[in-house]
Structure formats: structure tokens, C-alpha cells
Amino acid sequence: MLKRQKEKFKHLEVGINTVFSAVNQHKIFEIYSYISHLSPLPDCMAQLLIRSNPRESNSKQNIEIDKYREWTDMYAKDMLKGKFEKDVLVKIATILMYKYIYKTVTTQKRQIHCYAGIAGAVIDNEGMVGPCEHKPPYGSLRNNRYDFKKIWHSDLSEKMRHDSYNHCLCTNEPKWWHPSVSYNKELVDEGIALSEKLSGENKDAA
Ligand code: SF4
């Protein structure tokens with residue numbers, strides 16, 4: 001079916017998201033192998049780590065984080081070989097994101113400043129504006145005559161931005177991948193070094 005849709009819609013891109021949890025960690029490599037042998041292949045995969053307060057509370061218990069590392073490394077290696085994702089900047093941001101999420105979980109220490117609510121905002125289906133889906137919203141568009149700037153520049157927003165940047169710790173991939181990976185200077189520097197290393201290796205292989 002995917003093949004037919006892709007033939008029909010030339011610009012269609014399909015991604016597959018998998019959430020690593022206590023429920024599927026024993027089958028995660030099997031799942032990966034299945035997906036990576038599909039034909040046609042999905043254009044990208046998002047490998048997420050279970051976070052926050054899942055409905056099934058057991059799904060966060062006894063997470064085998066080294067397995068998560070192995071699983072995300074597998075995807076990184078496949079990407080570097082040219083499988084899945086084509087955009088080199090996306091590949092680099094993804095590799096850094098997985099590396100620092102692993103470090104965050106294993107050390108339980110913040111690895112980077114969070115730019116959620118600083119370089120972007122979440123607006124939910126009720127018109128509530130906030131930094132991300134885990135934090136309370138800054139305010140309601142409906143209650144503020146749809147004046148986004150009023151909410152964005154309020155004292156509460158400023159205070160919450162300060163907290164996100166300086167104190168908050170989580171592994172929320174959408175907020176890591178963009179904006180937090182791309183706005184943290186150290187990670188950008190590491191990304192540039194990685195990109196130069198990769199292009200050097202590609203030249204050697206050519
Ligand atoms: S660290 Fe996580 S919970 Fe805190 S503001 Fe950033 S994305 Fe939201």
C-alpha cells in the first residue's frame with residue numbers, strides 16, 4: 001500500500017515513530033529490523049524514549065537505557081550509511097540529540113539549556129499557549145482577544161522561560177531536536193566538527 005501511495009504521490013514522505021518503553025524494549029531490535037527491511041523504506045524514523053506520565057505507569061519502570069543507546073546507535077549508523085534520512089543537518093542534530101538524551105538519563109543531570117518557549121511555542125487545540133506540552137500554559141488566546149504578543153511578553157511567560165532555560169530537565173525529543181539542539185552553541189560546535197569528520201570520511205571513501 002505504501003508503495004502504491006508513493007508511486008502516486010511523488011513528494012509523499014513517510015516516517016515511522018517508535019516509543020521505547022518497558023513494554024517493547026525486549027522486542028525493540030526485532031521491530032527495528034522489521035521496519036528497516038520494509039520496501040519501500042520509510043523516509044525517516046523517530047525513536048522516542050518514553051517520558052512524562054504515561055497512562056500505563058509500568059511502561060516507564062526498569063527501562064534498559066543501554067538498549068535504548070544501542071537502538072538509537074543502530075539508526076544513526078544506518079543514517080550515516082545513507083539509509084533513511086537524507087538531510088545531513090537532520091542526521092547530525094538527531095545523532096547529538098540521542099547522545100545527550102542518553103547522558104541526561106544516565107546522569108540525571110541537565111545536559112543543555114532548553115529553548116522551549118524561547119525559540120518557539122506550543123498552541124494547543126484549545127488555544128492555550130505554552131513552552132511545551134509538559135508545562136502549564138502561559139495563557140489562553142481566547143481569553144486574551146487572540147493577542148499572542150500579550151501572552152508571549154507577560155511576566156508569567158518571562159518567568160517560565162527563565163525556569164525552562166535554567167532549571168528544567170526532560171527528554172522531550174521534539175523540543176530537543178528543535179530548538180534546543182540547534183540553539184545550544186556547544187552542540188552546534190560539536191555538530192560542525194561531526195559534519196567535517198563525516199565529509200572527510202566520505203572523501204576518503206570516494
Ligand atoms: S525541559 Fe522539557 S518540560 Fe522543561 S520546558 Fe523544556 S521541553 Fe518543557
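Two strands are taken to pair if DSSP finds at least two bridges between them. Helices (H or I, at least four residues) and strands (E, at least two) are DSSP runs, numbered from the N terminus. The structure is a predicted model, in which local features need pLDDT of at least 70, side-chain atom pairs count only at pLDDT 80 or more, and totals for chains, interfaces and linings use all residues. Residue numbers start from 1 along each chain as its sequence is written.

Strands pair through backbone hydrogen bonds, either parallel or antiparallel. An open sheet of three strands has the order β3-β4-β5, with antiparallel pairing. Its edge strands are β3 (122–123) and β5, each of which pairs on one side only. Strand β4 covers residues 128–130 and is joined to β3 by two bridges, the two running antiparallel. In this pairing, I123 stands opposite V129 of β4.

Parallel pairing is found between β1 (residues 15–20) and β2, over six bridges. Here G15 lies opposite C44 of β2. In a regular strand the side chains alternate between the two faces of the sheet. The covered face of β2 holds M45, Q47 and L49. C44, A46 and L48 form the uncovered face.

Helix α4 spans residues 88–107, 20 residues in total. From first C-alpha to last, α4 reaches 29 Å, close to the 28 Å expected at 1.5 Å a residue. The expected span is 1.5 Å times one less than the number of residues. A residue counts as buried if 20 or more other C-beta atoms lie within 10 Å of its own, as exposed if 12 or fewer do, and as partly exposed in between; C-beta atoms are placed from the backbone. Buried residues of α4 are K91, I92, A93, T94, I95, L96, M97, Y98, Y100 and I101. Just after α4, Q108 adopts a positive phi of about 55°.

Helix α6 has 12 residues, 155–166. Its C-alpha span is 17 Å, close to the expected 16 Å. S157, M160 and S164 are buried in α6. They lie on the same side of α6 because they cover an arc of only 65° around the axis. The arc is that of the directions from the helix axis to the C-beta atoms. The face turned away from the buried side carries the exposed residues D155, E158, K159, H162 and N166. The cover over the buried residues of α6 includes α5 (148–152).

A cis peptide bond links S39 and P40, with omega of about 0°. P40 belongs to the loop between α2 (28–36) and β2 (44–49). F84 is not a glycine, yet has a positive phi of about 60°. F84 sits in the loop between α3 (65–80) and α4. F84 counts as buried because it has 20 C-beta neighbours inside 10 Å. R145, also not a glycine, has a positive phi of about 50°. R145 is placed in the loop between β5 (139–140) and α5. With 7 C-beta neighbours inside 10 Å, R145 counts as exposed.

The ligand is surrounded by C114, A116, P131, C132, H134, K135, S164, C168, L169, C170, N172 and K175.

Definitions and conventions
Near = placed C-beta within 6 Å. Contact = placed C-beta atoms within 7 Å.
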